[in-house]
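Open the model in your viewer and keep the selection tool at hand. The stops below say what to select and what is there.

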Amino acid sequence: MIDLSKLTTESRNPDTMSLDEMTPIEIARIMNREDETVIKAIEEVIPQIAQAIGWAAESLKAGGRIIYVGAGTSGRLGVLDAVECPPTFGVPPQMVVGLIAGGEKAFVEAVEGAEDSETLCEEELKSISLLKKDIVIGLAASGRTPYVIHGLRYARSIGCKTVAISCNRDSAIGKEAMLAIEPVTGPEVLTGSTRLKAGTAQKMVLNMISTGSMIGIGKVYQNLMVDVRQSNEKLVVRSQNIVMTATGCEREEAKAVLEQADGHVKTAVIMILSDCNANEAREKLLKAGGNVRQALK
C-alpha cells in the first residue's frame, strides 16, 4: 500500500475541519486566505524557477522543445500551458508540448491507472522523438507519480535537461530530475484535493517558465507580445494595438503597415521605428535573431 501520510499535500488542514458546516461566505474567505500561502511558497523557489527559465530558453535557442509530462490535474496544467504558447508567442505547436498520462482523452476524462504506468511516458517521449536538446519538465503535486518519475528518468538517460515541479519537499520526482522546484503550499482546504493550492502553484510556475523562456528568445519587445498570431478578430485588434503602443502611430497606419508586413507585428514595428520597408525590416530581424530591440539598434 502506498504511504501518503508523509505528504504535506495529503495531510489535513486544521483550519478547515468544519468545512462542511461553513456558509458560502466562510468557504470563500477560508479558501482565499489559504491561497495566500501559494505566493509565499513560490517566493521561496524563485532561484530554481529562474534556473528553469534559463535552461528552457537555451533549449529553444538550440532548436529544442519544452516538454511537460504529468498526470491528472498536473498533466492538464502542462497541456494548457503548451497549447497557449502558439497564439500568444507565434510559435509552432511542436515547440512546447504537453504529455498527459492517458493521452488527449485524459484531459477531459480521467483515465484510471495511466499515472501508475512505468513505461507509458517513456514510450510517448520516444514517439515524439525526444532529443538531447529538449528540456523535459515533470509535474506531480504529490511528487511520486510513476508516469512522471520514469519519464524524467528516460529523459535524463539521453542527456536532456530535466526539471521536476512538486508541492512536497524532497519529492521522488525531484530526486529524479536535475532541478527540483518544490513550492510547499501545505494542506489543502479539502484534504488531498491538489487541484486547489497545489494546482495554483504549479500553474504559476509554468507561467513563469514558458513566459520567461519566450522573452529569452525574443518573443517580447518591452512588455508587448510582438509575435502574437492573428488567429481571430480579438487578436487582429490586439496586433494593431501593439503596433500603435510600440510606435505611437495611429490605427490606420498600424493597419496599413501590418498589411505590408503580411500581418507580422515585429516587422511592422521595425518598419515604423526604423522608417524602412518590409524587406529591410525582415532583414534587420533576421540579423538580430528575431529580437526587436536588437534589430532597432
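Which helices are included in what covers the buried residues of α10? Select α8 (233-247), α9 (251-260), α11 (278-287) and α12 (292-296): these are among the elements that cover them. The model you are looking at is a predicted one.

**Stop 1: helix α10**

Now select α10 itself, residues 265-274. Seven of its ten residues are buried, so the helix is largely enclosed by the rest of the structure. Colour the buried ones: Val265, Lys266, Thr267, Ala268, Val269, Ile270 and Met271. Then step just past the end of α10 to Asp275, where phi is positive, at about 50 degrees.

**Stop 2: the whole chain**

Zoom out. The chain has 297 residues, and 48% of them are buried. Its secondary structure comes to twelve helices and five strands. The C-alpha trace spans about 70 × 50 × 35 Å along its principal axes. Take the contacts between residues at least 6 apart in sequence: 65% of these join residues at least 24 apart. The accessible surface of the chain is about 14600 Å², and carbon and sulfur atoms account for 50% of that.

**Stop 3: the sheet**

Five of them form an open sheet, with parallel pairing, in the order β2-β1-β3-β4-β5. At its edges are β2 (96-100) and β5 (179-181), each of which pairs on one side only. From one strand to the next, the twist averages 20 degrees.

Select β4, residues 161-165, together with β5: this parallel pair is joined over three bridges. Within the pair, Val163 stands opposite Leu179 of β5.

**Stop 4: the nonpolar cores**

Which residues have the most contacts inside the largest nonpolar core? They are Val163, Ile165, Ile181, Ile209 and Met214, in a core of 34 residues. At least two residues of this core come from each of α1 (24-43), α2, β1, α3 (72-89), β3, β4, β5 and α7. Helix α7 gives the most, with six residues.

Select Ile181 and show what surrounds it. Leaving out residues up to four places away in sequence, Ile181 touches Val45, Gln48, Ile49, Ala52, Val163, Ala164, Ile165, Ser166, Val205 and Ile209. A second, separate core has 26 residues, among them Cys249, Val257, Leu258 and Ala288. In soluble globular proteins, nonpolar side chains tend to be buried together.

**Stop 5: Ser210**

Go to helix α7, residues 197-216, and select Ser210 within it. Is Ser210 buried or exposed? Its relative accessible area is 3%, and the cut-off for buried is under 20%, so Ser210 counts as buried.

Look for the backbone oxygen of Leu206: it lies 2.9 Å from a polar atom of the Ser210 side chain. An α-helix has 3.6 residues a turn, so residues three or four places apart point the same way.

Last, show the contacts of Ser210 beyond its neighbours within four places in sequence. They are Tyr68, Asp81 and Cys85.

Terms used: Residues are numbered from 1 along each chain as its sequence is written. This is a predicted model: local features need pLDDT of at least 70, side-chain atom pairs count only at pLDDT 80 or more; totals for chains, interfaces and linings use all residues. Side-chain values use heavy atoms; hydrogens and water are left out. Buried means under 20% relative accessible area, exposed over 50%, partly exposed in between (1.4 Å probe, protein chains only). Helices (H or I, at least four residues) and strands (E, at least two) are DSSP runs, numbered from the N terminus. Contact means heavy atoms within 4.5 Å. A polar contact is a pair of N or O atoms within 3.5 Å; within protein, one must be able to donate a hydrogen and the other to accept it, and residues adjacent in sequence count only if both atoms are side-chain atoms. Two strands pair if DSSP finds at least two bridges between them. Axes are lines fitted to C-alpha atoms, for helices over the stretch in contact, and angles run from 0 to 180 degrees between N-to-C directions. A nonpolar core is a set of buried Ala, Val, Leu, Ile, Met, Phe, Trp, Tyr and Cys residues joined through side-chain atoms within 4.5 Å. Accessible areas come from the Shrake-Rupley method with a 1.4 Å probe; for residues, only the protein chains shown count as cover.
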